[in-house]
Amino acid sequence: MKVSLIQMDMKFASPDENFAHAEELIRQAAQSHPDVITLPETWNVGFFPKENLAELSDKDGARVKETFSRLASELNVNIVAGSVSNVRDGKIYNTAFVFDRKGTCVAEYDKTHLFSPSGEHEYFQSGDHTVRFELDGVPCGLIICYDVRFPELIRTITVQGIDVLFVVAQWPSLRRFHWQALNQARAIENQCFVACTNSCGTAGETKNAGYSAVYDPWGELVGGCGPNEMILTTDMDLNIIKGIRSSINVYRDRQPGLYQVN
Ligand SMILES: NC(=O)CCC(=O)C(=O)O
C-alpha cells in the first residue's frame, strides 16, 4: 500500500483558502499514484479559532463530502481526508472522513478525546464510537491527535484486526518528542503500521511540529517529514505484519482478564 501524507500548512480561520489549498495538494500527491492520500486534523480552520467557530465549520460534512468524493473518484485514489470542525445537530464535532476510490464515504469518526488544555472540550462535542474500515481490502483504523495518548482506545480498535492505523493531528512543536515517541510506540505495541499526518506552520498562537511519518510494526521509520509543508510518499509492505505477529504474538499472549480499564 503506497501512501501519500500531506503535511499541510493551513491558514487559520480561513476555510475557503484551506479547501482550495487542500485540493491543490491532493492533485499534486495523486501524481505519484499512491493508493491512499491523507490530510491532517481540522485543516479547514486550524486548531482552533474560538471566535465564529460554528460559522467557519463545515455543515454536516457537506463540503468535505462534495470535495473529496469528487476528487477520490476522479483521481481513483482512497482519501483519508483528515478531520474538520463540523456542525451537526447544532453541536460542533472534530470529525474525520474517509473516502474510497469510488468516492464513497466509508468512515466518519468524531474525535473522542478532546484536548482540555486548549479548551477543546468547551467548544467541541466528544464522539462516542471508534472506527474501522477497509481500503482496497486492507483493514484500517483512524484516530485524531490527542487520542494517541490513550492506548486503551487504540487497543480497542486493533484487537478487531487492523493493518494500518491512520493518525491525523495538529500537534505542536513544543511536544514534538511526544508526537514521535507515541506514534512509534503505538506501532510497536499494536504490531501495525502507523501513518501519522501532522500539520505545520502556525495555527493562531501555536506552532505546529510537522514531522509526519510512517512507522512499521517493528517501530522502524519507513519515511518521515521535516518541519515544513511537504508531501511524503512511501510504500508500506503489509506482508511484514504476519511475520511479526507470528514471532512475537502479543494478541495471543495478552491477558485481558487481568486489565482494569475503568
Ligand atoms: N490537537 C490536539 O489534540 C493536540 C494534542 C496535543 O498537543 C498533545 O496531546 O500534546
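Tutor: This is a predicted model. Start with residues 1-238: the end C-alpha atoms of this span lie 7 Å apart. The span is 26% helix and 32% strand.

Student: What does the UniProt annotation say about residues 1-238?
Tutor: The unreviewed entry annotates residues 1-238 as "domain: CN hydrolase".

Student: What are the confidence scores of the chain and the model?
Tutor: The mean pLDDT of the chain is 97, on a scale from 0 to 100. Of its residues, 99% reach 70 or more. The model scores ipTM 0.99 and pTM 0.98.

Student: Which strands make up the open sheet, and in what order?
Tutor: Six strands, in the order E7-E8-E9-E10-E13-E14, with mixed pairing.

Student: Why are E7 and E14 called edge strands?
Tutor: Strand E7 (132-135) and strand E14 (221-224) each have a single partner strand, so one side of each has no neighbour in the sheet. From one strand to the next, the twist averages 20°.

Student: How do you know that E13 and E14 pair?
Tutor: Pairing takes at least two bridges. Strand E13 (residues 213-215) and E14 share three bridges, in the antiparallel sense. Three meets the cut-off, so they count as paired. One of the bridges joins Tyr 215 to Leu 221 in E14.

Student: Which helices pack on the sheet?
Tutor: Helix H5 (residues 151-158) touches E7, strand E8 (138-144) and strand E9 (164-168). Its direction makes about 160° with that of E8. Helix H6 (residues 176-190) touches E9, strand E10 (193-197) and E13. The direction of H6 makes about 160° with that of E10.

Student: What is the phi of Asn 52?
Tutor: It is near 55°, a positive value in a residue other than glycine. Most such residues have a negative phi. Asn 52 lies in the loop between E2 and H2.

Conventions
Residues are numbered from 1 along each chain as its sequence is written. This is a predicted model: local features need pLDDT of at least 70, side-chain atom pairs count only at pLDDT 80 or more; totals for chains, interfaces and linings use all residues. Helices (H or I, at least four residues) and strands (E, at least two) are DSSP runs, numbered from the N terminus. Axes are lines fitted to C-alpha atoms, for helices over the stretch in contact, and angles run from 0 to 180 degrees between N-to-C directions. Two residues are in contact if their C-beta atoms, placed from the backbone, lie within 7 Å. UniProt positions are given in the numbering used here, feature names are shortened, and annotations may be inferred rather than shown by experiment. pLDDT is the predictor's confidence in each residue, from 0 to 100.
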